[in-house]
Amino acid sequence: MPAEKALNIEPLKVAMQMDPIDHVDIDADSSFRIAEEAQAHGHEIYYYAPDDLRFDSGVVSAELTPITLRREKGNHVTKGATKLTDLREMDVIWLRQDPPFDMHYITNTHMLERLRDDVLVVNDPFWVRNFPEKLLVLNFQDLTPPTMIARNLDAIKDFRKRYGDIIVKPLYGNGGAGVFKIKKDDSNLNSLFELFTATSREPLIAQQFLPDVSAGDKRIILVDGEPVGAINRVPAKGETRSNMHVGGRPEKIGLTKRDLEICTRIGPFLKEHGQIFVGIDVIGDYLTEINVTSPTGIQEMERFDGVNIAEKIWQAIESKSS
């Protein structure tokens, strides 16, 4: 639902750092929706892939391609001529590179951070780097289920002994990959730990299992610290994970008093640290993740609620760019 062109706003030059735009699902991809709305506001849109970013003799540049978008499956983007461009020529850069949150991702945040004095980078790359999804929630421990981060099997076993059924997952994973429910009497914990530690040097994160997940894992979107909408993601039958990437079903849902309490607590912190577009995950009464890298879900929310969330995002950005 693109908006009419915004009034009294000078067109902005907007660069989208994202994974291949040719293959996005135009009915679900949040980056496509954000760029589509920018186009409706009269802004110039450019695209580049994460591998196209470079630092050379003090200049951060990228192979930029001007794009025009349309809601036509299989023909959703028209590209202009690609040109190596100093990114200081842009007004807004969107860091929409999907995880994994690895050294490639971290290196790109270092390069984009060098542009902060000249360009509005969304979300602020310094704090994206320092706010990994599953670590930022540790700033709000009274809002979260009991949590442990460790690379020690005995410590994780002790955590399970204290809390019964637990969820174990990679600390820097995404999209539901590698998420396991380990019951209090499950004999596979040793093998699972061996598998994780053989393929990665990172710690694991363990959380007390929340039975409320069977009713759904709520994704709430905050724009500049304010909640603007939510969807409920219900796990498929026989599945613990609710991520839509692994078969979770989106459903319409409203915000509860507890949801608003959580948003009131974390919203000012996110705004203060330049996190304009954030997706948080809430199961029952508990905050489980704060997603600042490449949150999703706005198209589903817009369809359920009839609210133009992408426009709210651009209103926040335009107010900072004027």
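This is a short tour of a predicted model, with stops to select in your viewer.

**Before you start**

Residues are numbered from 1 along each chain as its sequence is written. Local features here need pLDDT of at least 70, side-chain atom pairs count only at pLDDT 80 or more, totals for chains, interfaces and linings use all residues, and side-chain values use heavy atoms, with hydrogens and water left out.

Helices (H or I, at least four residues) and strands (E, at least two) are DSSP runs, numbered from the N terminus.

**Stop 1: salt bridges**

A salt bridge is a side-chain nitrogen of Lys or Arg within 4 Å of a carboxyl oxygen of Asp or Glu. How many salt bridges does a search of the whole structure find? The search gives 24.

Select Lys-79 and Asp-22. Their closest N and O atoms are 2.9 Å apart, in a salt bridge. Lys-79 sits in strand E5 (residues 77–79), and Asp-22 in the loop between strand E1 (13–18) and helix H1 (30–40), so this pair ties together parts 57 residues apart in sequence.

Now check accessibility. Buried means under 20% relative accessible area, exposed means over 50%, and partly exposed lies in between (1.4 Å probe, protein chains only). Lys-79 is partly exposed at 41%. Asp-22 is partly exposed too, at 38%.

Next, select Lys-73 and Asp-27. Their side chains form a salt bridge of 2.9 Å, N to O. Lys-73 is in the loop between strand E4 (59–69) and E5, while Asp-27 is in the loop between E1 and H1, so the pair ties together parts 46 residues apart in sequence. Lys-73 is exposed, at 63%. Asp-27 is partly exposed, at 30%.

**Stop 2: His-43**

Select His-43, in the loop between H1 and strand E2 (44–48). Is His-43 buried or exposed? His-43 is buried, with 5% relative accessibility.

A polar contact of 2.8 Å joins the side chains of His-43 and Glu-318. (A polar contact is a pair of N or O atoms within 3.5 Å; within protein, one must be able to donate a hydrogen and the other to accept it, and residues adjacent in sequence count only if both atoms are side-chain atoms.)

Contact means heavy atoms within 4.5 Å. Leaving aside residues up to four places away in sequence, His-43 touches several residues, including Ile-9, Pro-11, Val-14 and Trp-314.

**Stop 3: a five-stranded sheet**

Two strands pair if DSSP finds at least two bridges between them. Select the open sheet with the order E15-E14-E13-E16-E17, paired antiparallel. Strand E15 (249–252) and strand E17 (286–291) stand at the edges with a single partner strand each, so one side of each has no neighbour in the sheet.

Zoom in on strand E16 (residues 277–283). Five bridges join E16 to E17. Ile-280 has Ile-290 in E17 as its bridge partner.

**Stop 4: helix H6**

Select helix H6 (residues 189–199). Which residues of H6 are buried? They are Leu-189, Leu-192, Phe-193 and Phe-196. An α-helix has 3.6 residues a turn, so residues three or four places apart point the same way.

Turn to the other side of H6. Glu-194, Leu-195, Ala-198 and Thr-199 are exposed there. The buried residues pack against helix H5 (153–163) and strands E10 (166–170), E11 (180–182) and E12 (204–208).
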